[in-house]
Amino acid sequence: MAVDPAAAPGTEALARLAGEHVDHRFKGLPPDADGLTVAELAAERRNLFTGGFTSPVLALSAERLEHNLALMETYAARHGLAFAPHGKTSMAPQLFHRQIAHGAWGITLAVPHQVRVARAFGIRRIFLANELVDAAALRWTAAQLDADPDFRFVCYVDSVRGVELMDAALTDAGAARPVDVVVELAAGEGARTGARTEAECAAVADAVAGARTLRLAGVAGYEGEVPKADPTRVRAWLRRLVALAVDFDRAGRFAGSGLDEIVLSAGGSAWFDAVADVFAEVPGLSLPVLKLLRSGAYVSHDDGHYREVTPFNRVPDEGALEPAFRLWAQVVSRPSPEQAFANAGKRDAAYDLDLPFGQVVHRDGRERPAAGVTVTGLSDQHAWLHTTPEADLEVGDWVGLGLSHPCTSFDKWQLIPVVEADGTVVDYIRTFF
């Protein structure tokens with residue numbers, strides 16, 4: 001991938017990725033490519049099936065990736081939302097920069113290591129969807145903020161104890177800039193993190209007001225954890241979140257701190273239509289409101305869980321995401337007419353939500369639907385395939401598998417070929433898990 005080091009923050013680091021040498025660390029890549037740089041291998045534009053790639057190999061569709069990036073850019077703009085897609089999905093700085101080029105405000109992350117990766121590649125706006133209480137990570141964050149006036153960092157707080165730990169660590173670090181925090185409202189009793197009641201949220205906000213090293217920037221939460229989630233329950237919780245922001249503003253909690261905007265954030269990959277609808281109802285506050293959506297799985301989408309739960313199923317007029325991943329495995333055993341084994345297993349395929357789906361069979365340069373082929377189980381390095389009489393499957397065939405859950409697909413592959421529809425590999429995506 002050609003980059004101009006002077007073009008934008010992080011592009012010099014991306015250029016170093018392109019200069020990394022291909023070797024045994026990266027599964028699925030052609031053995032005869034050892035010693036080439038990633039850029040040199042990409043320039044060869046090899047074919048996935050005839051260019052020496054070994055199975056199993058995960059491929060990311062170039063066309064579908066671009067479609068998904070463009071679709072969410074348009075969706076966010078249409079609904080007046082800022083967009084900070086969750087980077088833990090891919091942990092791929094190349095994709096972070098493409099998301100930002102497609103209008104993203106910044107990148108959401110979950111843990112300190114992920115923030116370090118993003119900063120190493122020049123990401124200037126980071127939303128940490130977690131309370132940060134690790135003293136070492138807070139020292140590092142303070143140093144980053146103090147060294148770079150253009151770095152914007154926002155994280156959750158959901159407890160008085162958490163605020164106290166943050167303030168103590170940042171004070172010890174001699175932090176010059178306060179850390180912006182948003183109070184997290186839990187999605188319900190028994191849900192994941194977050195203060196459970198509005199009164200608890202107010203107590204956390206009071207603690208922030210008393211901390212020299214923190215600044216209250218808004219409120220946030222994750223509607224995907226609403227118990228027994230349905231459109232009515234999700235929208236009701238989102239209206240609680242909006243009401244909390246309104247109440248904080250009326251109480252003057254955002255006044256006098258030098259804020260330019262109030263942060264209001266929610267949004268996973270299953271209910272962003274509800275977020276768009278309810279955030280459109282936000283009344284005028286004392287400052288502009290940054291309505292920050294955080295959906296991340298869209299970048300590759302999938303053939304299972306997210307295909308079923310995507311909001312675009314409810315709002316088809318707004319477009320449709322396209323599954324961009326395909327895992328290619330080779331049939332290595334055909335012990336009976338009802339059974340076959342391919343050489344991709346738990347080390348290669350996401351399986352935490354659904355097993356992979358047999359989609360196509362590739363043989364002698366031709367591709368056809370994988371009729372009669374079903375994945376029934378995974379061993380560490382084998383996919384168990386059940387075959388019916390209509391399945392025309394032989395040892396040596398390549399089987400293209402659809403996957404469910406992008407987050408646990410990306411994290412099994414360090415270098416992922418980006419493949420055009422005709423099989424030409426045009427780029428490689430580096431991940432950092």
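Mentor: Happy to! In this predicted model, Trp105 lies in the loop that runs between helix 4 (93-101) and strand 3 (107-109). Its relative accessibility is 12%, and because the cut-off for buried is under 20%, Trp105 counts as buried. What is Trp105 in contact with, leaving aside its neighbours within four places in sequence? The list is Ala82, Phe83, Ala84, Arg125, Arg152, Glu261, Leu290 and Leu292.

Now for helix 3, residues 62-78. Its 17 residues reach 25 Å from first C-alpha to last, close to the 24 Å expected at 1.5 Å a residue. The buried residues of helix 3 are Ala62, Leu65, Asn68, Leu69, Leu71, Met72, Tyr75 and Ala76. Just after helix 3 comes Gly80, with a positive phi of about 65°.

Finally, a helix pair. The axes of helix 8 (residues 198-209) and helix 9 (residues 231-250) come within 11 Å and cross at roughly 45°, which means that helix 8 is oblique to helix 9. This crossing of helix 8 and helix 9 is right-handed. Helix 8 brings Glu198, Cys201, Ala202 and Ala205 to the contact, while helix 9 brings Arg240, Leu244 and Phe248. Sorted by class, the contact has five nonpolar residues, two charged ones and no polar ones.

Conventions. Residues are numbered from 1 along each chain as its sequence is written. This is a predicted model: local features need pLDDT of at least 70, side-chain atom pairs count only at pLDDT 80 or more; totals for chains, interfaces and linings use all residues. Side-chain values use heavy atoms; hydrogens and water are left out. Axes are lines fitted to C-alpha atoms, for helices over the stretch in contact, and angles run from 0 to 180 degrees between N-to-C directions. Helices (H or I, at least four residues) and strands (E, at least two) are DSSP runs, numbered from the N terminus. Angles under 35 degrees count as roughly parallel, over 145 as roughly antiparallel, 65 to 115 as roughly perpendicular and the rest as oblique. A crossing is left-handed if the near helix is turned anticlockwise from the far one by less than a right angle, and right-handed if clockwise. Contact means heavy atoms within 4.5 Å. Ala, Val, Leu, Ile, Met, Phe, Trp, Tyr, Cys and Pro count as nonpolar, Asp, Glu, Lys and Arg as charged, and the others, Gly among them, as polar. The expected span of a helix is 1.5 Å times one less than its number of residues. Buried means under 20% relative accessible area, exposed over 50%, partly exposed in between (1.4 Å probe, protein chains only).
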